[in-house]
Amino acid sequence: MSSWQRLQRMTREEQRDMQDHLLQRYVREQLIPFSPFYRELFKAHGVRPEHIKTVADLRRLPLSQKRDLLPTAETPQRFKQFVLQPDAAAIRAAWPLQKKLPLLWQKWTQGAEAVRARIRAEYAPCFMTFTTGRSAEPVPFFYSPHDIQNLHETGRRLVDVMGLETEYRIANVFPYAPHLAFWQVFFAGQATGMMALSTGGGKVMGSSGDLRAITRLKADVLIGVPGYVYHLLRRAAAEHMDLSSIRCVVLGAERVPPGMKTKIVALLQELGAKDVRVFGTYGFTEARMAFAECPTPGNDYTGYHLYPDLAIFEVVDPRTGEVVPEGHDGELVFTPLNARASTVFRYRTGDLVRGGLRHEPCPHCGRTVPRISSDLTRESSLKDLQLLKVKGTLVNLEDCAVLLGGMPEVEEWQIELRKKDDDPLEVDEMTVHLALREGCAPEATAARVRETFHTRLELTPNHVEFLGLESMLRRIGMETEMKERRFVDARPKS
Ligand SMILES: [Zn+2]
């Protein structure tokens, strides 16, 4: 692994040369010899390892996607085919002499058991997280000790990109679960020696428990899911608490809706915290790493700063799978360069990015690493209900989320779909449930919601209903569910 200090100042040409070299080696020495899934996939497409010399050659390779990982009747444990599985014969055949010599030397000086231990430390799964989502079976992603070292390294880099001081104390309120977000923060703390308190989030300690912990710790950094962090701060404001110790808020696991940073800064100001930095981050289970924005006084959406020695991102047209010209919108495709255990390659993330990848140096921090535009629609946040047919029109629910989350008069919301009179043969009905900010007029807000939905989504809700904040929080399961229930499809399945 290259030094991060050097990497973040490399020119684009130097990065490209490095990636060409790393990619070529990764395909020849790891992926094709050890990955059952990709060996077969490449064979089926007539791709040989020597075809892959540069990053530009990637586009000759087939894309893979989440569907490939899901169990089938014949292969109930399909995820295992994505785990790198080296054996002595495959190593002998695939590795060049200069990579085998150290192993031979070790076998000669320390014995065969020492060599086996070394291979285990690089490849044997010792940790796992799962993809989230309610409809599909969760898919496990394994990490070897080598991958855990990478998780330490990306933790250090996240801290560096966000400019967090090592003496800062971290309150991690991500839900305690085998999900990347929680563990990336945990390992960042381990790697940097920062004091991190992981409360497990609202479901484990409740928001009052979390707030008590944050004030007692005098946390400098608050890290969690946007909706829950906002909920916590609102509760603290209602109770006139002192959260003046907080300097940074890091949001992850879900899209940061536009307007959310401003709302968080305003609440924290009420709570005594001044000059707060709010960061969005981007990561997903299959990448087994996360990326962050860098700090600016105005909390700009600076884009997610990438690690060119650990992964390559491409942007493709989601319909054709073809790479789009630089700076164009499209779907992010992920290729790791240093992964062991569970490994995906040229993998469609399902996440759509507006503005694509940026290669010019960051105007804020000057780092030269590529950045993914912060304007990202997460497939993972709404996997189950992303595109729904409502009243015969396809509706992207993420658009609804952005519209409602961006309205300053809306505190919390939920969208419910039913059949009229609960009759399966009747038409669809959409109800928008709202909890309003104090002092906002319900009728005026209802009219604005109808109007906005009509003009932006060509769909008018049948009902707009109002609830008190507490009943709304119960309705969306703010402190009882792993994920807030923002969309409820109560239509009978036909
Ligand atoms: Zn930057």
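Which residue in β12 does E331 stand opposite? E331 stands opposite L352 in β12, and the views below place that pair within the rest of the chain. This is a predicted model, in which local features need pLDDT of at least 70 and side-chain atom pairs count only at pLDDT 80 or more, while totals for chains, interfaces and linings use all residues. Residues are numbered from 1 along each chain as its sequence is written.

**View 1. The whole chain, with 15 helices and 21 strands.** Helices (H or I, at least four residues) and strands (E, at least two) are DSSP runs, numbered from the N terminus. The chain has a radius of gyration of 24 Å, close to the 23 Å that the globule rule gives for 494 residues, so it is as compact as a globular protein of that length; the radius is taken over C-alpha atoms, and the rule is 2.2 Å times the number of residues to the power 0.38. The C-alpha trace spans about 80 × 55 × 40 Å along its principal axes. Of the 494 residues, 40% are buried, where buried means that 20 or more other C-beta atoms lie within 10 Å of the residue's own, exposed that 12 or fewer do, and partly exposed anything in between, with C-beta atoms placed from the backbone. Among contacts with a separation of 6 or more, 68% join residues 24 or more positions apart, a contact being two residues whose C-beta atoms, placed from the backbone, lie within 7 Å.

**View 2. The open antiparallel sheet β10-β11-β12-β15.** Two strands are taken to pair if DSSP finds at least two bridges between them. Strand β10 is joined to β11 (residues 330–336) by 6 bridges, the two running antiparallel, and V316 has E331 in β11 as its bridge partner. Strand β11 also pairs with β12 (residues 347–353) in the antiparallel sense, over 4 bridges; here E331 is opposite L352. The antiparallel pairing of β12 with β15 has 2 bridges, and in it V353 stands opposite L376 of β15. Strands of a sheet pair through backbone hydrogen bonds, either parallel or antiparallel.

**View 3. G350 in strand β12.** G350 is partly exposed, with 17 other C-beta atoms within 10 Å. The C-alpha atoms of G350 and P318 are separated by 8.2 Å, although these residues are 32 residues apart along the chain.

View 4. Strands β18 (residues 410–419) and β19 (residues 428–436) pair in the antiparallel sense over 9 bridges, and K419 has D428 in β19 as its bridge partner.

**View 5. The crossing of helices α6 and α7.** The axes of α6 (residues 97–110) and α7 (residues 112–123) come within 6 Å and cross at roughly 135 degrees; axes are lines fitted to C-alpha atoms, for helices over the stretch in contact, and angles run from 0 to 180 degrees between N-to-C directions. That angle makes α6 oblique to α7, since angles under 35 degrees count as roughly parallel, over 145 as roughly antiparallel, 65 to 115 as roughly perpendicular and the rest as oblique. The contact is made by L103, Q106, K107 and Q110 of α6 together with A112, A114, V115 and R118 of α7. These residues divide into 4 nonpolar, 2 polar and 2 charged, where Ala, Val, Leu, Ile, Met, Phe, Trp, Tyr, Cys and Pro count as nonpolar, Asp, Glu, Lys and Arg as charged, and the others, Gly among them, as polar.

**View 6. D275 and R288, two residues with positive phi.** D275, which is not a glycine, has a phi of about 55 degrees and is found in the loop between α12 (260–270) and β7 (277–284). D275 is exposed, with 9 other C-beta atoms within 10 Å. R288 likewise has a positive phi, near 55 degrees, in a residue other than glycine, and lies in the loop between β7 and β8 (289–292). R288 is buried, with 29 other C-beta atoms within 10 Å.
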